[in-house]
Amino acid sequence: MSSLGSPIVDRRAFLLAGAGAAAAGLLPRSGRAEAPCAEYNLTAASAQSPILGASRPWTEVWSYNGSIPGPEIRVRQGEPVRINVRNGLSEETTVHWHGIRLPNNMDGVPGLTQRPIAPGETFTYKFTPPDAGTFWYHSHSNSLQQLGRGLTGPLIVEEAERYPVDRDLVWMFADWRLTTDAQIASGFGNAMEAAMSGRVGNTVTVNGAISSGEQVHAGERIRLRLINGALARIMALRFEGHRPVIIAVDGQPCQPHQPPNGRLLLGPAMRIDIVLNLRGKPGHHYAVRDDFYENLAYTVTHLNYSANAALRTARDDNDVPLPGNPLPEPDLQGAEPHQIVLQGGMMGGGMMHGMGGMSGMAHDASWSINGHSMIGDGQASMPSLLTLPRGRSIILKMQNKTAWWHPMHLHGYSFKLLRRNGTPVPHRQWGDTVLMAPKDNVDVAFVADNPGKWMLHCHITDHQVSGMMSVLDVR
């Protein structure tokens, strides 16, 4: 995975770094002194990638700047950024900046917030990230194919001061369905899968390849940013011999805490930042395993300890919280409540009333929200499920009446998690994607301060494009 670190905004550094950055396709440049602006170039196009290793057949993918995942973009909190996206595909595309609170016309939903980027065209996204944290970017057009073929990448917004760790690492997970000759299998939009758990693959990668492990040193303290970029695979990660401490969820700081039973639950689109104090034995290897699906546990990667002596004999284990982001605190007493009911799917029952068309899928809607289904990726004619008064505190009381899991994502906002099945959510957690188990009831709250039409949808992509999608209109 490519990484250029933080963008350079002064002229001297620009001149020194310009040639190398241009070769990588990510060219930072300075803006006016009073408002420095980082600028990057991304091209969506087909490419070949050694997902299974250089000695195996390479996989034909769709990628940003030829890499899987796309280049790691690092920007600074509160500083403007411009990202020029050129479409080198033979079909329309857009880019959604997942989790960023940005202007509605930069959100990347085709038809709803922007005209899709036609083949050969370039669109410039401009925004100033108000929140530091771990985010990501991905196509929001023909989502099943374009995400499933690789159009994703990490977006890191750095805090003003570096968090006290030895290293800051990103693990971006992807889930591929590959044939025996290492090519992406056909069958996107299978009606049966859409009504159940979605397109779960047979090959899980870390940063674009089957992982041989992360090289670490005893005594290190690392910040590990976990991003689930899969179409449908839910992950439950366990770190053998280690005690991960969660410091942020979906980019938003929380009270540092260890996950229940040491198990990190990560639905599609979700991110978790953890701190690992590396106290393993030099020369040993420790597995990182995913055991979400019953009887289908597997090893994702390893922590491979160097044989060298520990960097330090002891390290303070006190967990330092991240600085808070400028999220408006909802007024829970005066909040306006709304019911959001998830329905449908196999074994779910109920009637769905669909609208619009869905490329490549020849069946009716499988899912609904409040009895209505909107299928595809976004359309100008999409009616609003709710109209919310700007500036008002809102509580969404979400009920999962289906037999399946749903990571529900709200564009343009982060929300405060209040209660799950009547029990208060601990550790002051915020998010933009909440994973709901079958029959779960979850209450979340936010201040409707960002005007525009914002999508609310399940991020199991098969579920989104087959009905579990709606629009909240803030005005």
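Student: In what order do the six strands of the open sheet run?
Tutor: This is a predicted model, in which local features need pLDDT of at least 70, side-chain atom pairs count only at pLDDT 80 or more, and totals for chains, interfaces and linings use all residues. Residues are numbered from 1 along each chain as its sequence is written, and side-chain values use heavy atoms, with hydrogens and water left out. Strands are DSSP runs of E, at least two residues long, numbered from the N terminus, and two of them pair if DSSP finds at least two bridges between them. The pairing in this open sheet is mixed, and the order is 10-9-12-17-14-15.

Student: Which strands are the edge strands?
Tutor: An edge strand here pairs on one side only. The twist averages 25° from one strand to the next, with axes taken as lines fitted to C-alpha atoms and angles running from 0 to 180 degrees between N-to-C directions. The edges are strand 10 (203–206) and strand 15 (252–257).

Student: Which residue in strand 17 is the bridge partner of isoleucine 246?
Tutor: Strand 14 (residues 245–249) and strand 17 (residues 271–277) run antiparallel and are joined by four bridges. For isoleucine 246, the partner in strand 17 is isoleucine 274.

Student: Is the pair of tyrosine 64 and tyrosine 137 stacked or tilted?
Tutor: Rings of Phe, Tyr and Trp (its six-membered ring) pair if their centres lie within 6.5 Å; planes under 30 degrees apart count as stacked, over 60 as edge-to-face and the rest as tilted. The count comes to twelve aromatic pairs. With ring centres 5.4 Å apart and planes at 55°, the pair of tyrosine 64 and tyrosine 137 is tilted.

Student: Over which ring does the charged end of arginine 199 sit?
Tutor: A charge sits over a ring if NZ of Lys or CZ of Arg is within 6 Å of the ring centre and within 35 degrees of the ring normal. For arginine 199 the distance to the centre is 3.7 Å, and the ring is that of phenylalanine 188.

Student: With which residue does the side chain of arginine 74 meet in a salt bridge of 3.2 Å?
Tutor: A salt bridge is a side-chain nitrogen of Lys or Arg within 4 Å of a carboxyl oxygen of Asp or Glu, and the count comes to 25. The partner of arginine 74 lies 84 residues away, in strand 8 (residues 152–158), while arginine 74 is in strand 3 (residues 73–76). Both residues are buried. The partner is glutamate 158.

Student: Does aspartate 443 count as buried or exposed?
Tutor: The side chains of aspartate 443 and lysine 397 meet in a salt bridge (3.1 Å, N to O). Lysine 397 counts as partly exposed at 27% relative accessibility. At 10% relative accessibility, aspartate 443 counts as buried.

Technical notes. Buried < 20%, exposed > 50% of the residue type's maximum accessible area, 1.4 Å probe, protein only.
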